[in-house]
Structure formats: C-alpha cells, structure tokens
Amino acid sequence: YDFNEGAKTMAVLLEKAPQVPGAYLYQLFIRKWNKLMELNPYFAKGRVGEAIPKLVEILEIDPECPLTAFQLAYCFRVTGELEKSESFYRQALRMAPESGWIYSNLGRTYRMMGEKTKAAEVFWKALELLPGDQFVLEQLVELGELFIVPKPGTEEALFVKRGDYERQMREALHKESTNESLMGLGWKLLQDRLMDLAGEAFQKVLDQDPGYHDALLGLGTAHLEAGRYKEADKTLSDYLDENPNSATGHLNLFKVYLAQNEQELAWKEI
C-alpha cells in the first residue's frame, strides 16, 4: 500500500501505453492523487476539520477510493463524530477488506465509543492481517483480551489469550491454601480484571477465616467491578463495620451508590 509509488508507476504506464486495460482507473487515481497530497499540510498542522470538505470533493471524483474513505474516517474520529468515523472505516473496508491498518483504526473508534466488544473483534482481525503488530497487541492487552506473562526460564514475555490465562489462574487458585497467598492472588486477579476468579480467591479466605476482614474489602471490590452492586453494598458495609476509618472502603462504597444513582448516600461516603 505505497500509494505514492503506485501513482508514479501509473503515470509511467499511461505514458507508454495509454490504452492499457484499466487505464481509466489509473487516470482516475492520478487525477485525485495531487488533491490528496494537497491535504498533507492540513494533517500536519492538525487542521482536520478543514480537510473534511476537501476529502468529500475527492470522494465525489472517485466514490470507490479506500484511502479517501479512510482519511475521512480518521478526521471524523478526531472531531468526535464517531458514528461517521465508523461508517467511513466500514466503507474503506468494503473496498479494501484485507487492510489490517483500517481494522486497527476502526478499533480505535470503537474504543472511543465505549464499544469494547466490537473493538476487540476488529483488533483480532487486525492482528490476523498484521501478525505481531505492537500497537494492536497493546490494544488487546488493554481490552483484557491478551495477557503478558513471563516465558519460563527466560527474560522474554509471552502474549496469552484470555481463556488460556484464566485457566492458568484457576489452576493457581486451586493450589493456593494460605490466606496470605490467596489475598495476593486475589488482588492480582482484580488488577487483571478477572473479577469472578478474584471473588473466588477472597471468598476462599473468608471460608477459612471469617474474621479476615481485608478479604471483605477484596470481595466487595470484585462485586463492584463486576457490576454486582447489591452484593458489593452488603460486603463493603460489613467491611466498614469492622474498619470504619478505611478510606478505600468508603471510596468503593461511594462508587457503588453512585452507580445506582443513590446520590445522597454516595456523597455521604465520599
């Protein structure tokens, strides 16, 4: 996808063989290429809003230009018009379905829209087309689709899919027996956003020692992050009964009440 070199090659080809099959498409591309290049200063200076009408003019010249659709999608993402951004990325993909970099950018739009499931889906497709792409790998890690784990016996790291990582952590959870180790594992699982497994770790501590109050804080936090607000309310309230001066406990209970639009209770906690 070196468009600049492609335009030069098309020009040489048309000069030597004006009637070559596909000549119309080559002429069309050359006609719009200079207009596309005129947009570079706008992008360089961040004036993407001014670039939009010029890109629309180019798309009118060639409605089947994936590059123009891609650039319009980028502009609309920057200006916050995310539905338009999605639409033009989809249009670009219809014309260039094997372009991993379009999927990658569509994923960024979905992340801005808060559509995590759709974002993960298109980032996986991007990784399929762009194996090993660092940006795409990082996005999948941030979405909790991949986890970075040390490679045994080396200083290298491996990317592990969520399902495989969950199985590893469940095995580790079943092997742990001391409360200290279970607490450490529980907080790590919370950090990894594996809420159900984290809850199991903290519950295992409470089953072994009901007086281990810090496990209530962990369990309540797991319920909160999983959106189980009634369970979080009860567990965190029980924890605060024993630890009334815990800032973390009050902060998490504030989040529970705020999520349920219990404004008066929320501000009391904060």
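Start by selecting the buried residues of helix H2: they pack against helix H1 (3–16), helix H3 (40–44), helix H4 (48–61) and H5. Contact here means heavy atoms within 4.5 Å, and helices are DSSP runs (H or I, at least four residues), numbered from the N terminus. Before going on, note that this is a predicted model, where local features need pLDDT of at least 70, side-chain atom pairs count only at pLDDT 80 or more, and totals for chains, interfaces and linings use all residues. Residues are numbered from 1 along each chain as its sequence is written, and side-chain values use heavy atoms, with hydrogens and water left out.

Which residues of H2 are buried? Pick Ala23, Leu28, Phe29, Lys32, Trp33 and Leu36. Buried means under 20% relative accessible area, exposed over 50%, and partly exposed in between (1.4 Å probe, protein chains only).

Next, go to the aromatic rings, which form 8 pairs in the structure. Rings of Phe, Tyr and Trp (its six-membered ring) pair if their centres lie within 6.5 Å; planes under 30 degrees apart count as stacked, over 60 as edge-to-face and the rest as tilted. Select Phe70 and Trp101: their ring centres are 4.7 Å apart with planes at 80°, so this pair is edge-to-face. The two residues lie 31 apart in the chain, Phe70 in helix H5 (residues 66–78) and Trp101 in helix H7 (residues 100–113). Phe70 is buried at 15% relative accessibility, while Trp101 is partly exposed at 24%.
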